[in-house]
Amino acid sequence: MREHTDDGAASVHPRVQSVARAVQMVDLIARSERGLSAKQISTLTGVNRSATYHLLYTLTQTDVLSRDGSRYLMGPRAGVFAAGISRHRPHRDQVVASVRALERAVGQTVVVAAWGQPGITVVGRTGTPLIAQEVSPGFARWGHARASGKLLLALGSDRDRDRFLAAHPLEARTANTINDRRLLERELDKIRERGYAVDDEEFLPGVSCLAGALHTVRGKLALCVVAPTARFRADVDLFAAELRRVVDGFDPAPFTLA
């Protein structure tokens with residue numbers, strides 16, 4: 001729910017106040033030195049004593065909090081939350097670090113794509129895009145014409161691939177675009193065998209790309225170097241070596257460019 005303050009600024013208020021209050025209580029206890037009493041929690045949150053006891057009871061019953069006499073402490077389930085952060089954040093941070101390292105090494109735009117809704121999505125990029133509208137974050141059309149899209153189609157499940165191709169006609173973007181299902185399936189087989197995908201001016205004239213996969217806790221990401229074709233052809237070995245280095249540093253599965 002969004003409201004406006006007197007100065008016109010928008011402020012956001014939680015829709016479920018009981019949940020917001022419970023989170024506030026957990027936050028206060030987590031920040032305390034030796035836990036807090038129900039009276040202290042009621043005073044700090046402004047929640048009446050009866051409602052405070054009800055919320056604290058639920059939190060202790062679910063092991064988010066524990067009780068030591070009159071004081072409430074963090075419970076065993078809090079450790080699960082902390083472990084979740086340690087599992088998820090390092091991968092996200094590592095993805096960002098990998099993308100930035102690849103950009104520095106190749107001096108070209110790097111695009112990251114993933115499976116999303118309603119299909120293949122550009123989730124991020126570095127540098128200045130060659131054509132802003134085409135490689136900006138958001139839903140990526142013509143996945144069959146992009147190195148990142150072909151890589152994800154090749155490495156995705158049969159169900160995801162069939163659903164994507166059923167919903168997205170194999171339209172030709174350029175003279176090099178593969179727009180025949182049988183030819184595309186052969187290309188996807190090659191990508192699975194060699195572990196990388198190439199877009200040789202299939203999506204944009206004068207632009208070529210090389211994509212490899214990062215395997216994260218949330219699924220596969222396509223990490224793609226985007227360059228003018230002349231530069232791509234001159235430096236493809238460098239691009240492949242740096243992409244291989246970044247991918248191998250992130251995921252133990254081998255990445256080879258034959």
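Reply: The dialogue below takes these topics in turn, for a model that is predicted.

Me: Which residues touch the most other members of the largest nonpolar core?

Reply: The general idea is that nonpolar side chains tend to be buried together in soluble globular proteins. Here the largest nonpolar core has 28 residues, and L151 and C224 touch the most other members. At least two residues of this core come from each of β6 (109–115), β7 (120–125), α6 (147–155), α7 (158–167), α8 (181–194), β10 (207–216) and β11 (219–228). The most, 5 residues, come from α6. Another core lies apart from it, with 21 residues that include V106, V110, Y196 and L214.

Me: Leaving aside residues up to four places away in sequence, what does L151 touch?

Reply: With that exclusion, the contacts of L151 are I191, G195, Y196, A197, A211, G212, A213 and A222.

Me: How many disulfides does the structure hold?

Reply: A disulfide calls for two cysteine sulfur atoms within 2.5 Å. The structure holds 0 disulfides.

Me: Are C209 and C224 buried or exposed?

Reply: Buried means under 20% relative accessible area. C209 is therefore buried, at 7%, and C224 is buried as well, at 2%.

Me: Which residues make the nonpolar surface patch?

Reply: V16, V19 and V23 make this patch of about 260 Å². V16 is located in the loop between β2 (10–12) and α1 (17–31), and its relative accessibility of 47% makes V16 partly exposed.

Conventions:
Residues numbered from 1 in each chain as written. Predicted model: local features only at pLDDT ≥ 70, side-chain atom pairs only at ≥ 80, totals over all residues. Heavy atoms only, no water. Patch = residues over 30% accessible without salt bridge, like charges linked within 9 Å, V, L, I, M, F, W, Y side chains within 5 Å. Areas by Shrake-Rupley, 256 points an atom, 1.4 Å probe, with all protein chains shown as cover. Salt bridge = Lys/Arg side-chain N within 4 Å of Asp/Glu carboxyl O. Helix = DSSP H or I, 4+ residues; strand = E, 2+ residues; numbered from the N terminus. Buried < 20%, exposed > 50% of the residue type's maximum accessible area, 1.4 Å probe, protein only. Core = buried A, V, L, I, M, F, W, Y, C linked by side-chain atoms within 4.5 Å. Contact = heavy atoms within 4.5 Å.
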